[in-house]
Amino acid sequence: MATSPIWASRPKTRGLVLDLIRSARTITRIELAEATGLTGATISEVVRELMGDGLVVEAGRGAPTGGKPRTLVQLNPLARYSVGIQLERNTCVIVVVDLAGRQVARTSFQGVATMPPEQALPLVASQIDALLATAAVDRDRVLGVGLVSYGPQDRRVGVLLTPQPTGKWLDYPVARRLAEILELPVLLDNDAAAAAIGEYWMGAVDPRSTYGCIYMATGIGGGVVVAGEVYRGSSSNSVEIGHISIDVNGDECPCGNIGCLENYAGPSALVRQALATPGLAQRLALDPAGADLLTEFARVAAAANAGDPDARGLVEQSARYLGSAAVTMTGLFDVDTIVLAGPSFAVASSIYQAVIQQEVDRRTFARRPIRCGSYRRSTGRTRRRWAGRPSSCRAS
Ligand SMILES: [Zn+2]
(Lines give C-alpha, C1' and ligand atoms only; values in the text may rest on other atoms or scores of the structure.)
Protein backbone atom coordinates (compact mmCIF):
# COMPACT_ATOMS: atom_id res chain seq x y z
CA MET A 1 0.00 0.00 0.00
CA ALA A 2 2.59 2.59 0.97
CA THR A 3 4.34 3.94 -2.07
CA SER A 4 6.28 6.83 -0.58
CA PRO A 5 9.90 7.00 -1.76
CA ILE A 6 10.82 6.91 1.94
CA TRP A 7 9.63 3.33 2.15
CA ALA A 8 11.48 2.33 -0.98
CA SER A 9 14.86 3.75 0.04
CA ARG A 10 16.97 0.56 0.12
CA PRO A 11 19.78 1.68 2.47
CA LYS A 12 17.20 2.54 5.09
CA THR A 13 15.27 -0.73 4.83
CA ARG A 14 16.87 -2.39 7.84
CA GLY A 15 16.25 0.60 10.09
CA LEU A 16 12.75 1.02 8.75
CA VAL A 17 11.86 -2.61 9.49
CA LEU A 18 13.31 -2.27 12.99
CA ASP A 19 11.28 0.91 13.56
CA LEU A 20 8.07 -0.78 12.39
CA ILE A 21 8.63 -3.78 14.62
CA ARG A 22 9.36 -1.45 17.54
CA SER A 23 6.22 0.61 17.02
CA ALA A 24 3.99 -2.46 16.46
CA ARG A 25 5.51 -4.46 19.37
CA THR A 26 4.69 -7.73 17.49
CA ILE A 27 4.07 -8.01 13.76
CA THR A 28 4.08 -10.65 11.02
CA ARG A 29 6.32 -10.62 7.97
CA ILE A 30 3.23 -10.18 5.79
CA GLU A 31 2.23 -7.08 7.76
CA LEU A 32 5.76 -5.72 7.40
CA ALA A 33 5.54 -6.23 3.64
CA GLU A 34 2.16 -4.47 3.55
CA ALA A 35 3.39 -1.57 5.67
CA THR A 36 6.56 -1.01 3.65
CA GLY A 37 5.43 -1.90 0.14
CA LEU A 38 8.47 -4.20 -0.09
CA THR A 39 8.24 -7.75 -1.38
CA GLY A 40 7.77 -10.68 0.95
CA ALA A 41 11.14 -12.05 -0.14
CA THR A 42 12.93 -8.80 0.77
CA ILE A 43 11.22 -8.66 4.15
CA SER A 44 12.08 -12.30 4.86
CA GLU A 45 15.73 -11.59 4.02
CA VAL A 46 15.90 -8.49 6.21
CA VAL A 47 14.18 -10.22 9.13
CA ARG A 48 16.57 -13.18 8.76
CA GLU A 49 19.54 -10.78 8.95
CA LEU A 50 18.10 -9.04 12.02
CA MET A 51 17.49 -12.39 13.71
CA GLY A 52 21.03 -13.44 12.85
CA ASP A 53 22.30 -10.33 14.63
CA GLY A 54 20.16 -11.15 17.65
CA LEU A 55 18.09 -7.97 17.29
CA VAL A 56 14.78 -9.67 16.42
CA VAL A 57 13.19 -12.88 17.71
CA GLU A 58 10.09 -14.86 16.81
CA ALA A 59 7.20 -14.43 19.24
CA GLY A 60 4.59 -17.11 18.64
CA ARG A 61 1.76 -16.97 16.15
CA GLY A 62 -0.74 -14.25 15.35
CA ALA A 63 -4.52 -14.66 15.45
CA PRO A 64 -5.82 -16.80 12.57
CA THR A 65 -7.28 -14.75 9.73
CA GLY A 66 -8.74 -17.53 7.63
CA GLY A 67 -5.49 -19.31 6.78
CA LYS A 68 -2.58 -20.64 8.71
CA PRO A 69 -1.64 -18.31 11.62
CA ARG A 70 1.48 -16.32 10.74
CA THR A 71 4.56 -16.16 12.91
CA LEU A 72 5.00 -12.92 14.82
CA VAL A 73 8.35 -11.23 15.23
CA GLN A 74 9.40 -8.74 17.87
CA LEU A 75 12.52 -6.91 18.95
CA ASN A 76 14.83 -8.67 21.33
CA PRO A 77 14.75 -5.85 23.86
CA LEU A 78 17.85 -6.92 25.77
CA ALA A 79 20.03 -7.18 22.67
CA ARG A 80 21.20 -3.57 22.74
CA TYR A 81 20.77 -0.41 24.79
CA SER A 82 21.11 3.28 24.21
CA VAL A 83 21.40 6.39 26.34
CA GLY A 84 19.25 9.48 26.03
CA ILE A 85 20.19 12.88 27.45
CA GLN A 86 17.95 15.90 27.61
CA LEU A 87 19.84 19.08 28.35
CA GLU A 88 17.45 21.78 29.51
CA ARG A 89 17.97 25.18 31.07
CA ASN A 90 17.08 23.86 34.53
CA THR A 91 17.51 20.13 34.41
CA CYS A 92 19.56 17.43 32.76
CA VAL A 93 17.73 14.11 32.40
CA ILE A 94 19.56 10.91 31.47
CA VAL A 95 17.84 7.63 30.62
CA VAL A 96 19.04 4.20 29.59
CA VAL A 97 16.59 2.43 27.29
CA ASP A 98 16.57 -1.04 25.80
CA LEU A 99 16.15 -1.81 22.14
CA ALA A 100 12.37 -1.71 22.46
CA GLY A 101 12.59 1.82 23.87
CA ARG A 102 11.72 0.74 27.39
CA GLN A 103 13.35 2.81 30.09
CA VAL A 104 15.59 0.70 32.32
CA ALA A 105 17.25 3.47 34.32
CA ARG A 106 16.84 7.22 34.78
CA THR A 107 18.40 10.07 36.65
CA SER A 108 18.00 13.83 36.64
CA PHE A 109 19.99 16.58 38.22
CA GLN A 110 20.17 20.33 38.16
CA GLY A 111 22.90 22.85 37.63
CA VAL A 112 24.79 21.26 34.77
CA ALA A 113 23.36 23.55 32.11
CA THR A 114 24.70 26.64 33.84
CA MET A 115 28.24 25.27 33.82
CA PRO A 116 30.53 25.78 30.86
CA PRO A 117 30.50 22.69 28.65
CA GLU A 118 34.14 21.80 29.50
CA GLN A 119 32.98 21.32 33.08
CA ALA A 120 29.48 19.98 32.41
CA LEU A 121 30.22 17.20 29.90
CA PRO A 122 32.60 15.18 32.13
CA LEU A 123 29.95 15.38 34.85
CA VAL A 124 27.27 14.13 32.43
CA ALA A 125 29.60 11.33 31.33
CA SER A 126 30.21 10.26 34.93
CA GLN A 127 26.45 10.17 35.54
CA ILE A 128 26.04 7.95 32.47
CA ASP A 129 28.73 5.56 33.72
CA ALA A 130 27.01 5.35 37.10
CA LEU A 131 23.61 4.78 35.51
CA LEU A 132 24.89 1.98 33.26
CA ALA A 133 26.54 0.34 36.27
CA THR A 134 23.33 0.59 38.30
CA ALA A 135 21.34 -0.96 35.46
CA ALA A 136 23.99 -3.67 34.95
CA VAL A 137 24.29 -2.77 31.27
CA ASP A 138 27.66 -3.55 29.66
CA ARG A 139 29.05 -0.69 27.62
CA ASP A 140 29.70 -2.96 24.65
CA ARG A 141 25.95 -3.40 24.32
CA VAL A 142 25.31 0.35 24.20
CA LEU A 143 24.72 1.50 20.63
CA GLY A 144 25.28 5.17 21.38
CA VAL A 145 23.96 8.32 22.96
CA GLY A 146 21.21 10.64 21.80
CA LEU A 147 21.62 14.17 23.15
CA VAL A 148 18.63 16.47 22.73
CA SER A 149 18.56 20.16 23.42
CA TYR A 150 17.61 23.51 22.01
CA GLY A 151 17.46 24.61 18.43
CA PRO A 152 18.80 25.92 16.23
CA GLN A 153 21.56 23.38 15.80
CA ASP A 154 24.04 22.19 13.26
CA ARG A 155 22.99 18.61 13.69
CA ARG A 156 25.49 17.35 11.13
CA VAL A 157 28.49 18.40 13.22
CA GLY A 158 26.77 18.28 16.63
CA VAL A 159 26.88 21.97 17.55
CA LEU A 160 24.30 24.22 19.21
CA LEU A 161 23.74 27.42 17.25
CA THR A 162 22.16 29.23 20.17
CA PRO A 163 23.58 30.86 23.31
CA GLN A 164 21.53 28.43 25.40
CA PRO A 165 21.68 27.18 28.07
CA THR A 166 24.45 29.82 28.37
CA GLY A 167 26.61 31.68 25.89
CA LYS A 168 29.50 29.23 26.51
CA TRP A 169 27.55 26.48 24.73
CA LEU A 170 27.21 28.44 21.48
CA ASP A 171 29.28 26.80 18.73
CA TYR A 172 30.88 24.38 21.21
CA PRO A 173 31.40 20.91 19.63
CA VAL A 174 29.15 19.31 22.23
CA ALA A 175 28.49 15.98 20.45
CA ARG A 176 32.13 15.40 19.43
CA ARG A 177 33.50 16.26 22.86
CA LEU A 178 31.00 14.06 24.71
CA ALA A 179 31.73 11.22 22.28
CA GLU A 180 35.45 11.56 23.04
CA ILE A 181 34.84 11.40 26.79
CA LEU A 182 32.42 8.49 26.61
CA GLU A 183 34.06 6.65 23.70
CA LEU A 184 30.57 6.13 22.33
CA PRO A 185 28.83 7.67 19.30
CA VAL A 186 26.82 10.77 20.24
CA LEU A 187 24.06 12.19 18.05
CA LEU A 188 22.73 15.68 18.73
CA ASP A 189 19.10 16.41 17.89
CA ASN A 190 16.40 18.94 18.56
CA ASP A 191 14.35 18.01 21.64
CA ALA A 192 11.02 18.60 19.89
CA ALA A 193 12.01 16.55 16.82
CA ALA A 194 13.09 13.72 19.12
CA ALA A 195 9.79 13.90 21.02
CA ALA A 196 7.91 13.76 17.71
CA ILE A 197 9.65 10.64 16.39
CA GLY A 198 9.45 9.07 19.86
CA GLU A 199 5.66 9.00 19.54
CA TYR A 200 6.07 6.86 16.42
CA TRP A 201 8.66 4.54 17.91
CA MET A 202 6.54 4.00 21.01
CA GLY A 203 3.50 3.05 18.92
CA ALA A 204 1.44 6.03 20.06
CA VAL A 205 0.43 7.11 16.55
CA ASP A 206 -0.63 5.38 13.39
CA PRO A 207 2.69 4.61 11.64
CA ARG A 208 1.23 5.69 8.29
CA SER A 209 0.06 9.05 9.51
CA THR A 210 1.45 12.52 9.03
CA TYR A 211 1.37 14.06 12.45
CA GLY A 212 2.73 17.06 14.27
CA CYS A 213 4.08 17.44 17.76
CA ILE A 214 4.02 20.60 19.84
CA TYR A 215 6.64 20.25 22.53
CA MET A 216 6.69 22.49 25.58
CA ALA A 217 9.41 22.44 28.23
CA THR A 218 10.93 25.80 29.19
CA GLY A 219 10.52 26.76 25.54
CA ILE A 220 8.16 25.69 22.78
CA GLY A 221 9.25 23.59 19.82
CA GLY A 222 7.68 21.42 17.19
CA GLY A 223 8.19 18.45 14.93
CA VAL A 224 6.39 16.87 12.02
CA VAL A 225 6.66 13.18 11.13
CA VAL A 226 5.73 11.86 7.70
CA ALA A 227 5.41 8.07 7.40
CA GLY A 228 7.89 7.44 10.18
CA GLU A 229 10.45 10.07 9.16
CA VAL A 230 10.99 13.43 10.84
CA TYR A 231 10.56 16.27 8.37
CA ARG A 232 14.02 17.85 8.54
CA GLY A 233 13.85 20.79 6.16
CA SER A 234 17.13 21.93 4.63
CA SER A 235 19.18 22.14 7.83
CA SER A 236 17.29 20.10 10.45
CA ASN A 237 15.89 23.28 11.97
CA SER A 238 12.31 22.82 10.86
CA VAL A 239 8.99 23.45 12.61
CA GLU A 240 10.26 26.00 15.15
CA ILE A 241 6.65 26.64 16.08
CA GLY A 242 7.56 28.58 19.25
CA HIS A 243 9.18 31.23 17.10
CA ILE A 244 6.38 32.01 14.69
CA SER A 245 5.27 35.60 15.14
CA ILE A 246 1.81 36.14 16.54
CA ASP A 247 2.20 39.92 16.90
CA VAL A 248 4.01 41.98 14.28
CA ASN A 249 4.15 44.81 16.81
CA GLY A 250 5.42 42.57 19.56
CA ASP A 251 8.70 42.59 21.44
CA GLU A 252 11.91 41.42 19.87
CA CYS A 253 12.71 37.79 20.70
CA PRO A 254 16.27 36.59 21.36
CA CYS A 255 15.83 34.47 18.20
CA GLY A 256 15.73 37.63 16.08
CA ASN A 257 12.03 37.52 15.22
CA ILE A 258 9.41 39.74 16.82
CA GLY A 259 6.27 38.79 18.73
CA CYS A 260 7.18 35.09 19.00
CA LEU A 261 4.57 32.66 20.30
CA GLU A 262 6.91 31.40 23.04
CA ASN A 263 6.98 34.85 24.62
CA TYR A 264 3.17 34.84 25.01
CA ALA A 265 2.35 31.19 25.67
CA GLY A 266 5.43 29.54 27.16
CA PRO A 267 6.12 28.82 30.84
CA SER A 268 8.26 31.93 31.37
CA ALA A 269 5.51 34.11 29.88
CA LEU A 270 2.89 32.53 32.14
CA VAL A 271 4.98 32.94 35.26
CA ARG A 272 5.64 36.57 34.29
CA GLN A 273 1.91 37.14 33.71
CA ALA A 274 1.05 35.43 37.01
CA LEU A 275 3.52 37.64 38.90
CA ALA A 276 1.85 40.69 37.34
CA THR A 277 -1.67 39.56 38.28
CA PRO A 278 -2.72 41.23 41.57
CA GLY A 279 -3.03 38.70 44.37
CA LEU A 280 -2.16 35.63 42.30
CA ALA A 281 1.57 35.55 43.05
CA GLN A 282 0.82 35.74 46.79
CA ARG A 283 -1.88 33.05 46.63
CA LEU A 284 0.44 30.68 44.79
CA ALA A 285 3.56 31.68 46.74
CA LEU A 286 5.38 32.34 43.48
CA ASP A 287 9.02 33.28 43.83
CA PRO A 288 9.94 36.18 41.50
CA ALA A 289 13.56 35.06 41.72
CA GLY A 290 12.71 31.37 41.50
CA ALA A 291 15.59 29.52 39.89
CA ASP A 292 13.45 26.65 38.68
CA LEU A 293 11.07 28.11 36.14
CA LEU A 294 9.18 24.85 35.56
CA THR A 295 8.39 24.51 39.27
CA GLU A 296 6.91 28.02 39.32
CA PHE A 297 4.99 27.28 36.13
CA ALA A 298 3.66 24.02 37.59
CA ARG A 299 2.22 26.03 40.50
CA VAL A 300 0.23 28.18 38.07
CA ALA A 301 -0.93 25.11 36.11
CA ALA A 302 -1.96 23.27 39.27
CA ALA A 303 -3.94 26.31 40.46
CA ALA A 304 -5.68 26.42 37.08
CA ASN A 305 -6.65 22.76 37.52
CA ALA A 306 -7.91 23.50 41.01
CA GLY A 307 -10.20 26.25 39.70
CA ASP A 308 -8.33 29.45 40.55
CA PRO A 309 -9.99 31.81 38.05
CA ASP A 310 -6.90 33.97 37.44
CA ALA A 311 -4.59 31.00 36.95
CA ARG A 312 -7.14 29.27 34.75
CA GLY A 313 -7.52 32.41 32.64
CA LEU A 314 -3.77 32.53 32.05
CA VAL A 315 -3.51 28.84 31.14
CA GLU A 316 -6.50 29.10 28.81
CA GLN A 317 -4.96 32.12 27.12
CA SER A 318 -1.69 30.20 26.69
CA ALA A 319 -3.69 27.30 25.25
CA ARG A 320 -5.46 29.59 22.76
CA TYR A 321 -2.09 30.86 21.54
CA LEU A 322 -0.92 27.27 21.19
CA GLY A 323 -4.19 26.53 19.40
CA SER A 324 -3.12 29.15 16.86
CA ALA A 325 0.17 27.32 16.45
CA ALA A 326 -1.69 24.04 15.99
CA VAL A 327 -3.90 25.61 13.32
CA THR A 328 -0.76 26.92 11.58
CA MET A 329 0.78 23.47 11.74
CA THR A 330 -2.28 21.84 10.18
CA GLY A 331 -2.35 24.50 7.46
CA LEU A 332 1.32 24.06 6.59
CA PHE A 333 1.70 20.29 6.89
CA ASP A 334 -1.84 18.83 6.52
CA VAL A 335 -1.37 16.67 9.61
CA ASP A 336 -3.88 14.05 10.88
CA THR A 337 -2.99 14.42 14.52
CA ILE A 338 -1.25 16.86 16.81
CA VAL A 339 0.48 15.40 19.84
CA LEU A 340 1.12 17.62 22.85
CA ALA A 341 4.37 16.52 24.46
CA GLY A 342 6.88 17.76 26.99
CA PRO A 343 6.94 18.35 30.74
CA SER A 344 5.05 21.65 30.62
CA PHE A 345 1.87 20.02 29.34
CA ALA A 346 1.88 17.49 32.18
CA VAL A 347 0.03 19.32 34.94
CA ALA A 348 -2.75 21.12 33.05
CA SER A 349 -2.95 18.73 30.10
CA SER A 350 -6.75 18.50 30.16
CA ILE A 351 -7.13 22.29 29.85
CA TYR A 352 -4.51 22.54 27.11
CA GLN A 353 -5.94 19.63 25.17
CA ALA A 354 -9.55 20.85 25.32
CA VAL A 355 -8.77 24.44 24.29
CA ILE A 356 -6.29 23.51 21.54
CA GLN A 357 -8.75 20.95 20.13
CA GLN A 358 -11.47 23.59 20.17
CA GLU A 359 -9.30 26.08 18.28
CA VAL A 360 -8.30 23.47 15.70
CA ASP A 361 -11.92 22.35 15.22
CA ARG A 362 -13.06 25.93 14.75
CA ARG A 363 -10.27 27.34 12.63
CA THR A 364 -8.66 24.66 10.48
CA PHE A 365 -8.76 25.47 6.79
CA ALA A 366 -8.84 21.82 5.67
CA ARG A 367 -12.28 21.33 7.26
CA ARG A 368 -11.68 17.80 8.39
CA PRO A 369 -11.28 16.35 11.88
CA ILE A 370 -7.78 16.56 13.33
CA ARG A 371 -7.10 15.07 16.70
CA CYS A 372 -5.09 16.89 19.35
CA GLY A 373 -3.98 15.04 22.41
CA SER A 374 -1.25 14.22 24.82
CA TYR A 375 0.38 10.90 25.41
CA ARG A 376 1.76 10.10 28.85
CA ARG A 377 4.55 7.65 28.42
CA SER A 378 5.29 7.45 32.11
CA THR A 379 2.20 5.58 33.24
CA GLY A 380 1.31 2.98 30.65
CA ARG A 381 -2.29 3.26 31.80
CA THR A 382 -2.95 6.11 29.43
CA ARG A 383 -1.05 4.58 26.53
CA ARG A 384 -3.15 4.04 23.48
CA ARG A 385 -2.90 3.52 19.78
CA TRP A 386 -4.29 5.95 17.33
CA ALA A 387 -5.30 4.35 14.09
CA GLY A 388 -7.05 5.63 11.00
CA ARG A 389 -8.59 9.02 10.49
CA PRO A 390 -9.74 10.45 13.79
CA SER A 391 -13.29 11.61 14.14
CA SER A 392 -13.19 13.24 17.53
CA CYS A 393 -10.92 14.45 20.26
CA ARG A 394 -10.03 11.86 22.86
CA ALA A 395 -8.96 12.72 26.34
CA SER A 396 -5.62 11.49 27.50
ZN1 LIG B 1 11.63 33.90 18.73
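What share of the contacts in the protein chain with a separation of 6 or more comes from residues 24 or more positions apart? Such residues account for 59% of those contacts, where two residues are in contact if their C-beta atoms, placed from the backbone, lie within 7 Å. The model is predicted: local features need pLDDT of at least 70, side-chain atom pairs count only at pLDDT 80 or more, and totals for chains, interfaces and linings use all residues. Residues are numbered from 1 along each chain as its sequence is written.

The protein chain has 13 helices and 15 strands; these are DSSP runs, numbered from the N terminus, with helices being H or I of at least four residues and strands E of at least two. A compact globule of 396 residues would have a radius of gyration near 21 Å, and the 22 Å of the protein chain agrees with this. That radius is taken over C-alpha atoms, and the globule rule is 2.2 Å times the number of residues to the power 0.38. Along the principal axes, the C-alpha atoms fill a box of roughly 70 × 50 × 40 Å. Of the 396 residues, 40% count as buried, meaning that 20 or more other C-beta atoms, placed from the backbone, lie within 10 Å of the residue's own.

The chain is divided into domain 1 (5-75), domain 2 (81-184) and domain 3 (205-374), with bounds from an automatic or database domain assignment. The C-alpha centres of domain 1 and domain 3 lie 37 Å apart, and 7 residues of domain 1 are in contact with 4 residues of domain 3. On the domain 1 side, helix 1 (5-8) and helix 2 each supply at least two residues. Helix 2 gives the largest share of that side, 4 residues.

Three strands form an open, antiparallel sheet in the order 1-3-2, where strands pair if DSSP finds at least two bridges between them. Strand 1 (27-28) and strand 2 (56-61) each have a single partner strand, so one side of each is left without a neighbour in the sheet. Strand 1 is joined to strand 3 (residues 71-75) by 2 bridges, and Ile27 stands opposite Val73 in strand 3.

Finally, helix 13 (residues 349-363) has 15 residues and reaches 21 Å from its first C-alpha to its last, close to the 21 Å expected from 1.5 Å times one less than its number of residues. Its buried residues include Tyr352, Val355, Ile356 and Val360. The buried residues of helix 13 pack against helix 12 (309-333), strand 14 (337-341) and strand 15 (371-374).

Technical notes:
Buried ≥ 20, exposed ≤ 12 C-beta atoms within 10 Å, placed from the backbone.
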